[in-house]
Amino acid sequence: MALIEIQNLKKYFDVAKGTLHAVDDVSISIDAGKTVGVVGESGCGKSTLGKTIMRLVEPSSGKIIYDGVDITELSMREFKPYRQKIQMIFQDPFASLDPRMSVSQLIAEPIRSLAGVKDSAEITRRVYELMDLVGLARRLENVYPHELDGGRRQRIGIARALASEPQMIVCDEPVSALDVSIQAQILNLLQDLQKERSLTYIFITHDLSVVKHISDQIVVMYLGQIVEKADSKELFANTLHPYTQALLSAIPIPTLQRENKRIVLKGELSSPIDPKPGCRFAPRCIYARDKCRGETPELRDCGNGHYVACHYAGETGINSD
């Protein structure tokens, strides 16, 4: 059963040159206890999508239906109970933490403000419980963020997200600023927490190798739009969109026997400001034809729950085989 349904969500920004289409007609359904990975280059709108779902920025149009309730129609006062249920882990663990607060103060803040706990002894107990849960030694309770490495800072961010006992967490590139070995630790921690607490994740990243490790379904975005979405295994076994193929080719292959055939994208990016009709990837696509430049492709079902926004997906020379 879907915990959250995002229907035709749009987020536009007025800028000097026109209207920036940051998120443009995005629809995703996420079942409880599952993980949907959202992938794309910087500037594709994936982080804006996450912030819009959190209502850190208000959507221009569309619906966000959480557990049967359209939360886009709620006032901020009415939305407050849902703030407890939907939390976020931010990309930069240093920038998202108040440098004037110690580890225990940072974790205690959402326990007090969101979970509504007022008793100081209970707050302390829950702080220690969360520190143990995310792997932070209790001796660090009076340490400040600048005294810690990136992995420990991100563990603070995870503890803060868990403080209100949410059902869903938006993970906005939570491991991109970390070393590879620390990335693995944080990913394993997130997966363990998901099993223990039946959490639902939206996992935003630019790295397909990371999203393959953690996601049940993958959504690929390009300049504000979804260009491909499918179950994780299906997408990697049968990649249909040329953009997704290029992203996959950039994943390093740890072998000396096989050469990685990298697809290098050429051409200029389309402008997301007042975009013209047509496929936004066409200027960089080696398969682009006149129809691609004049007619916007719809996201269509190609079988096995595999959706792709490409006029010629599956044709010889375009499919992954």
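## Second largest cavity

The second largest cavity has a volume of about 40 Å³. Here a cavity is a set of points, on a 1 Å grid over the protein atoms alone, where a 1.4 Å probe fits but cannot get out. The volume is the space filled by probe spheres set on the points, which are joined across faces, edges and corners. This is a predicted model: local features need pLDDT of at least 70, side-chain atom pairs count only at pLDDT 80 or more, and totals for chains, interfaces and linings use all residues. Residues are numbered from 1 along each chain as its sequence is written, and side-chain values use heavy atoms, with hydrogens and water left out.

Lining residues have an atom within 4 Å of a point. For this cavity they are Arg126, Glu129, Leu130, Leu162, Ala163, Glu165 and Arg197. Helix α4 gives the most, with three residues. By class, the lining has three nonpolar, no polar and four charged residues. Ala, Val, Leu, Ile, Met, Phe, Trp, Tyr, Cys and Pro count as nonpolar, Asp, Glu, Lys and Arg as charged, and the others, Gly among them, as polar.

The structure holds two cavities of 30 Å³ or more.

Thr296 sits in the loop between α10 (290-294) and β11. Contact means heavy atoms within 4.5 Å. Leaving aside neighbours within four places in sequence, Thr296 contacts Gln225, Pro277, Gly278, Cys279 and His311. Is Thr296 buried, partly exposed or exposed? Its relative accessibility is 37%, so it counts as partly exposed. Buried means under 20% relative accessible area, exposed over 50%, and partly exposed in between (1.4 Å probe, protein chains only).

## Nonpolar cores

A nonpolar core is a set of buried Ala, Val, Leu, Ile, Met, Phe, Trp, Tyr and Cys residues joined through side-chain atoms within 4.5 Å. The largest one has 38 residues, of which Ile107 and Ile158 touch the most other members. Elements giving two or more residues to this core are α3 (103-113), α4 (120-134), α5 (150-162), β7 (168-172), α6 (180-197), β8 (200-205) and α7 (208-214). A second, separate core has 29 residues, including Ile28, Met168, Val170 and Val219.

Ile158 touches Ile89, Val134, Ile186, Leu189, Leu190 and Leu193, not counting residues up to four places away in sequence.

Eight strands form an open sheet of mixed pairing, in the order β6-β7-β8-β3-β9-β10-β12-β11. β6 (86-89) and β11 (300-301) stand at the edges with a single partner strand each, so one side of each has no neighbour in the sheet. Strands are DSSP runs of E, at least two residues long, and helices are runs of H or I, at least four, numbered from the N terminus. Two strands pair if DSSP finds at least two bridges between them.

β6 and β7 run parallel and are joined by four bridges. Ile86 stands opposite Met168 in β7, and the bridge partner of Ile89 is Cys171. Both faces of β6 are covered, with Ile86 and Met88 buried on one side and Gln87 and Ile89 buried on the other.

## Helix α9

Helix α9 (residues 242-249) is mostly covered: eight of its eight residues are buried. These buried residues pack against β3 (35-39), α7, β9 (217-222), β10 (225-231) and α8 (232-237).

Terms used: 1 Å grid on protein atoms, 1.4 Å probe; cavity = no way out; pocket = protein on both sides within 12 Å on 5 of 7 lines; lining within 4 Å.
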